[in-house]
Structure formats: C-alpha cells, structure tokens
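Take a look around first, and then we can go through your questions one by one.

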Amino acid sequence: MKRILVAVLALLVAIPVVAQQQFYDPLAVDLTRAIMKGLFESNAVPYIQPMVNTINATSNARFYDRAYVPASVSKPYVRVSANGMVGYINEDQRWYTPKIDLGPNVNVVLELTKYGQIIIGPNGPQYQIGPRYEDTLGLATMLMTELFRDAQAQGFLQTPDSAATLFGYKPDNRVYLPTSDQLITVLRGWPVYSVLDTNTQKALESLLTSAKLPAFLTLPPGVNMSKIIAAVPQIEIGSLWGTEALIRYIPPVEFDPNIGKFSFWGLGLKHSISQYFPERWFDMAIQGVYQGTMLRNTVGFTESKLEADATIFSGNVQASKTLWDIVDVYTGIAFEHINVSSTYTYVLPQEAQIMLGLLPEPPPGQVAVPTPDQPGDTKPQTSVVSATNDNVKWTIGASVFYGPLRVAIDYNISVFNILTMGVSYTL
C-alpha cells in the first residue's frame, strides 16, 4: 500500500507539466470547478429554501372569499376574479450559515482503480495511471479533495459566519481556500509522507507552492428583496352537487427582474359541507387544489441560469358567515406542500477566473472582457437541487358584495405572512 501511494504522489509532480499553457493551467481550472461544484451543492438548498417557502405560501393564496357553495343551480355560473398578493420577507429568511461538505474520507485503493490500474510486478505492486486527461483529472481531484478535507478539519478552509439567501444581499462574501503553506502542513501530516524520499518530498511541496488555485471563491450575493408582489387571474365554475371547480393560469411573465420569468397553473375542487347541516347557521366547505409552477432566471454578468419547476398541493377547510346581507367574514386552515426541482447552470466567479488566468485583469471597477487566449470559463457546470416545504396557514378575511360584484381582503399567517386582495364578478 505504501508503495502504491508513493507512486501516486510522485505522479502528481508531473501532472502540471503536461497540462501547463501560457495563460492558465487546465488542470488547476478543472480542480477549481470541482471545488466550486462542491461548494455550490453544499449550500444550494439553504440558498433557495426561502424562495421555495415563499412560492408555497404565495401560490396557495386567494382560493376563496367565502365558504358558501349552492347545493344545486338551475344553470351553471362562472365567477371571474383578479387577485393580488403582497408578502413581506422576514429577516431570518434573508440569511443562512454556509458550509462546504467534502464528504467522508474515501478508500484510496478503490478510488485509484477508477483512474488507472495496480500492476503486480517483480518489485511489488505499482500504480499505472490511465492514458486519458480525465484519468489525470480524476486522480488529482481525488487526492486534492483528501488534502482539502484534512485542511478543513484543521481549520484551514474558512467559510463566513453567514451568507445571503436568494432574498438577502451580501456581495463579495468569500470562502477562503487553503494556502500552499497550509496544504504542505497537511501533506506533512500524512503517514505516507514519511516514507517518501527527500527528492519526492521536495517535488511535492514545490508542486503545492506553485499551484495556481484561487485564494478564495465567492458565494452568491443574493438579490436584496424585502417583499413579494404577485397577481393571478382565476375562474370558478359551479355548482354540481354542492361542488365548485377552480381554474387559474398565468402565462410566463416577469413580475420582478430579480425573480425572473414565472408562470403557474392550478386546478381545484371545493365541496360544501354545510349543505348537509340540518340548519345552516354558517357555511363550511373543504377544498383541494393542485398547481404547477415554472421559474426561469438569469443571474449576473456571467448569465448563470436557474430553471425551477414545482408541484404544489393545498388542502383547506374554510368557514364563513354572512352579515347584513352585504358582508361575508371568512376563515380557513390549510395544509400546503411544495416540491421543487431546480437546475442551476453556472460558471466560476469572475475573480476566480482572473486568478486562474482564464480572464485578463480588467481596469478597476470594470468587468473582465474575454480574449481568444483568455476566453473565460467556457464550460458551465450544472447542479440539480431538490427542495420541499410543508406549511400550515391560517387565513382570516372579509368580502363585501353587491349583486354579482365582490371585493375581498384577507391576511394569511404562516412562516411567510401574506396580505391578499381580490375582485370577482359572477356571470
């Protein structure tokens, strides 16, 4: 085993020589991409979770303005409404504690077989790396990850105390990577280091000293939002056996440039419970609504792309009481569930690209401009992140009606509080 590790570590000495180019080292770039992907995926869920919670609460608002559904009608009716929602983002929804999860230590021997083969010769086992660049990259990434994992345990990989969620804003928030001296300290602590000859030790330390990895990577800054404003048209059709259908749809539209292009559809059924009461002192109904949403956003000068698709279910019990033949006061309790699958396509931050030599150093305060020799990060990475949220919401409100026209306002209390308003007209 010691001989194999000695051979592998010695191989690292030659890797950068093969990959070196004038402006940037492709291997260093790919290693940084691997670190960036781990950093992003370690923090993607807490970064987008407040948005998921907000979409869940907002999309499930304005389903009703009273609980009454007629048991039967001589001809169907159609109620058309326009509804608006305003929600204020809590301070704790703007921040999270970042981390970087490098995973557990791996079985080095098993990992080595992915990128080459162990040959048993007359002098014992020897390791032969595969002929592809992907083999070199995989081997280097695995061993560098082991170094970084131990560096993190020793406090050399530093993450900030807090970071901005999608709703917060903290620019230039840095995760500092281990320095060459710190990586050398970690390397010297490895048991295998003591069995290396002096020349190999010096060569490995020289490799780490000359490594062109960036000093830090930046976390997403957020978009600095304090409230959410949305609107949705809605149609209700009834009534058959005390049951009313609900349809809502928004084509792809950009309500807010920070949120991006958003659309959703919904289908629901509402059934009267109070029609079965011996005496109707108040109205009561149950309702279930299933919705789907789509979000498309492009972020920053690097044009990182977010594509999020969600399925949402809401079930509620609602009650209302008519007063003075002109006002309905209503309330309801809802259980809401959302499942979001997000695909995020991104490149390295500009400062990391500059430190790696992928981009030329720009004048102060300006964006780096790619050149043929320094084209920037031309290999975007993709991460798929899933997030869910369960929410219990209490709604209380009132609607005023005159003939077929009705105006409603209510307040929804949950992890994300919302004020909603609606105007409907029954045909």
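Visitor: In which strand is Ile286 found?
Guide: Strands are DSSP runs of E with at least two residues, while helices are runs of H or I with at least four, and both are numbered from the N terminus. The run that holds Ile286 covers residues 283-299, and its name is β11.

Visitor: What kind of model is this?
Guide: Residues are numbered from 1 along each chain as its sequence is written, and side-chain values use heavy atoms, with hydrogens and water left out. Local features need pLDDT of at least 70, side-chain atom pairs count only at pLDDT 80 or more, and totals for chains, interfaces and linings use all residues, for this is a predicted model.

Visitor: What is the relative accessible area of Ile286?
Guide: With a 1.4 Å probe and protein chains only, buried means under 20% relative accessible area, exposed means over 50%, and partly exposed lies in between. Ile286 falls in the partly exposed class, because its relative accessible area is 39%.

Visitor: Which residues does Ile286 touch?
Guide: A contact means heavy atoms within 4.5 Å. Leaving aside residues up to four places away in sequence, the partners of Ile286 are Leu269, Lys270, His271, Ile273, Asn316 and Val317.

Visitor: How far apart in space are Ile286 and Thr388?
Guide: Along the sequence, 102 residues separate Ile286 from Thr388. From C-alpha to C-alpha, the distance between them is 24 Å.

Visitor: What is the radius of gyration of the whole chain?
Guide: The protein chain has seven helices and 16 strands. It is more spread out than a compact globule, because the globule rule gives 22 Å for 427 residues and the radius of gyration is well over that. The rule is 2.2 Å times the number of residues to the power 0.38, and the radius is taken over C-alpha atoms. For this chain the radius of gyration is 29 Å.

Visitor: What percentage of the contacts in the chain comes from residues 24 or more positions apart?
Guide: Buried residues make up 49% of the 427 residues. Among contacts with a separation of 6 or more, the share from residues 24 or more positions apart is 71%.

Visitor: Which residues of helix α3 are buried?
Guide: Helix α3 covers residues 108-115, and on the other side Leu110 and Lys114 are exposed. The buried residues of α3 are Val108, Glu111, Leu112 and Tyr115.

Visitor: What is the relative accessibility of Trp324?
Guide: Trp324 has its place in the loop between β12 and β13. Its phi is positive, near 60°, in a residue other than glycine. Trp324 counts as exposed because its relative accessibility is 70%.

Visitor: Where is the place of Asn224?
Guide: Asn224 is not a glycine, although it has a positive phi of about 60°. It is partly exposed, with a relative accessible area of 44%. Its place is in the loop between β7 (216-218) and β8.

Visitor: Which residues does Ile413 touch?
Guide: Ile413 is found in strand β15, and its relative accessible area of 35% makes it partly exposed. Its C-alpha atom is separated by 8.6 Å from that of Val392, 21 residues apart along the chain. Not counting residues up to four places away in sequence, Ile413 touches Val392, Lys393 and Trp394.

Visitor: Which residues does Pro251 touch?
Guide: Pro251 has its place in strand β9 (residues 243-256) and counts as partly exposed at 42% relative accessibility. With residues up to four places away in sequence left out, Pro251 touches Phe262 and Ser263.
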